[in-house]
Amino acid sequence: MCLFHDGHVRLLLRILILLLPLFVTTASAAGANRHGIDFSGHWELDYQMSDFPSEKIRWEYTRIRAQVEKMIERSDRPINPAALNVESIVGLGRLTEKIAQATVLDVEQQDDYIVVNRNDDFALVCDFANAAPLVSAVGAESCEWDEDQLVFNLTLPDGLRVSHRLSLAADRSRMNVATTVKVIGLPYPFTLNRVYQPFEPGEGMYQCEFTIATQTTCTLGGSESP
Amino acid sequence: MKPGERLLALCGLLMLLGSCATPEQAPLSAPVSLDEVQLNVATRPPVLPLAVSISRFDAAPAETGGLRSAVNQVRSVERRFLPYQLKLSLERSGWFGPVRVLPVLDPGAELTVRGVILSSDGTHLALAIQVEDATGRVWLERDYLDSASVADYTRDPVFTIDPFQGLYDQIANDMIRVLADMGEQQIRQIASIAEMRYAAMLSPEYFGRFLNETGDRYGLSGLPAASDPLMERVMRIRASEHLFADSADAHYESLYRRLGPTYAWWRHYSNELISGNNRLEQMDATRGATPGTWYALERVYKIYQESRMNEDALRELTDSFDRETAPTVTDLAGRVVELTGTLTEQHQAWRQLMRQYYEETR
């Protein structure tokens, strides 16, 4: 006897389809921070060291077009250039730019979890003790340590795949977030590197805190006021 | 579970689901809709109103525990929010005395309500409720299940009517049914035993002898004299306890008022997801996003982003609730005390103070 409604079946199948790649990618447990990497702190975008999206798109476009041309030249059979969809790199690049928009990161890390708060975006959250993907009908999310790098994988409908790979300089002077966007059916992923540098918030400025009772309250903090 | 086993389990589940893609079949146990439940409202105030203490609900452990689980964040709100919703139903019925929501069990309560959130996703709400009076008699011990439809949410866009109101009213009605069958003598005895249990908590060696305990049930083997100075002191402390309980209750009211709209939004949103009718896909179509276009993909990401940002907001609100509970300034039999920390910590400190005060003034 069937235990599920037809509607439930559709929803569950959709979730399972979203989950499938995560079952494969989370083969290694999320819990092993074997290198004792600590991302915690306040980080702001270092524009100079980060990829400049338009330039990266142009560079990728040129590179892939050259590859395609070479492939066509070498191929015995005729290849329709339109089928390789080189132009899609521009759309993919623009989408990646929107996904990697954060300019300020506020990272809270403990032994068993990390929360990467991003301005104007949702927080990337990883529970090291629990590698199970976080799944909803609108997408699935997982995280894993890849040696000294922490990777967040998002599996979204319509074949959209996003990964954020966090890596830290040995002297903690910079943190790189490599955001890669793939779309199933397109042969080229697009990666944007955003480099962040540490900063101390609130020095000689306002310190703001959100509370239920008072909403957002700001007070003067940091250096002494004149 | 090893990755291989996980994949195997997933394949098994897929096969099971595949076998279900047959003609529509009714679920084995259809959720009950309690939309038609009418709250039993007292026509006149009760002669001996029993005070009700609702302790913060427990929650069945979520399947995907840990920090990433939005369910856990929402449960954290619900454990505080849903008891308050029940309190409102009980108050509105007019059958009971003061109804308070407390962070822990109240040992001197006349009537105690415990609850466990079995499941809650905006579409279904299942609660296990146990109601027990001071004598140890269990009034109710059953699971309640209610379902909400999209219509429940759309008919009230500002979320002033709880889509599961029928469930709370049903619990209240079940409690009222037991109460209505009780005689005045029985109700009076519950109140007396509650007083004596409270007194025995402060001084078991003195007041314990007035109580007889058989298993889980309590009875009276006598009562102290009306002019007993120790009992007078206990009653003064108990009055202070009620004031403290009122301030704890005010914290829950604050949560209810401030978090209500956010929680209602989450529940509405969750309801849309769980109903699984491809609403999001339909939204794409109606908004002119052609599948396969960059605009459509951008919308896919934005919908995910929006749902996760709302989870973040809910988590921040939940965290700040416990963090910001302001110090409670209260009166302990004429002495002003200030308590800090979370509500649970404040409650523990309060109990410690009461015992100290009782010992000091013996």
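## Close-up views of a predicted model

**Close-up 1. The largest nonpolar core, with B:Leu127 and B:Met175.** This core counts 62 residues, and B:Leu127 and B:Met175 are those with the most contacts inside it. Its top contributor is helix 5 of chain B (residues 184-202), which supplies 10 residues. Another core, of 47 residues, lies apart from it; A:Trp43, A:Ile89, A:Ile99 and A:Leu168 are among its members.

**Close-up 2. The disulfide between A:Cys126 and A:Cys143.** Here is the 1 disulfide that the structure holds over all chains. The sulfur atoms of A:Cys126 and A:Cys143 are 2.1 Å apart. Because the torsion about their S-S bond is about 80 degrees, the disulfide is right-handed. A:Cys126 sits in strand 4 (residues 124-127) of chain A and A:Cys143 in strand 6 (residues 139-146) of chain A, so the bond ties together parts 17 residues apart in sequence. A:Cys126 is buried, at 0% relative accessible area, and A:Cys143 is buried too, at 1%.

**Close-up 3. B:Asp249 and its contacts.** Look for B:Asp249 in helix 7 (residues 229-274) of chain B. With a relative accessible area of 8%, B:Asp249 counts as buried, because the cut-off is under 20%. A polar atom of the B:Asp249 side chain lies 2.8 Å from the backbone nitrogen of B:Val101. Setting aside neighbours within four places in sequence, B:Asp249 is in contact with B:Tyr84, B:Lys87, B:Val99, B:Arg100 and B:Val101.

Key
Residues are numbered from 1 along each chain as its sequence is written. Chains are lettered from A and ligands numbered from 1 in the order in which they are written. This is a predicted model: local features need pLDDT of at least 70, side-chain atom pairs count only at pLDDT 80 or more; totals for chains, interfaces and linings use all residues. Side-chain values use heavy atoms; hydrogens and water are left out. Helices (H or I, at least four residues) and strands (E, at least two) are DSSP runs, numbered from the N terminus. Buried means under 20% relative accessible area, exposed over 50%, partly exposed in between (1.4 Å probe, protein chains only). A polar contact is a pair of N or O atoms within 3.5 Å; within protein, one must be able to donate a hydrogen and the other to accept it, and residues adjacent in sequence count only if both atoms are side-chain atoms. Contact means heavy atoms within 4.5 Å. A nonpolar core is a set of buried Ala, Val, Leu, Ile, Met, Phe, Trp, Tyr and Cys residues joined through side-chain atoms within 4.5 Å. A disulfide is a pair of cysteine sulfur atoms within 2.5 Å.
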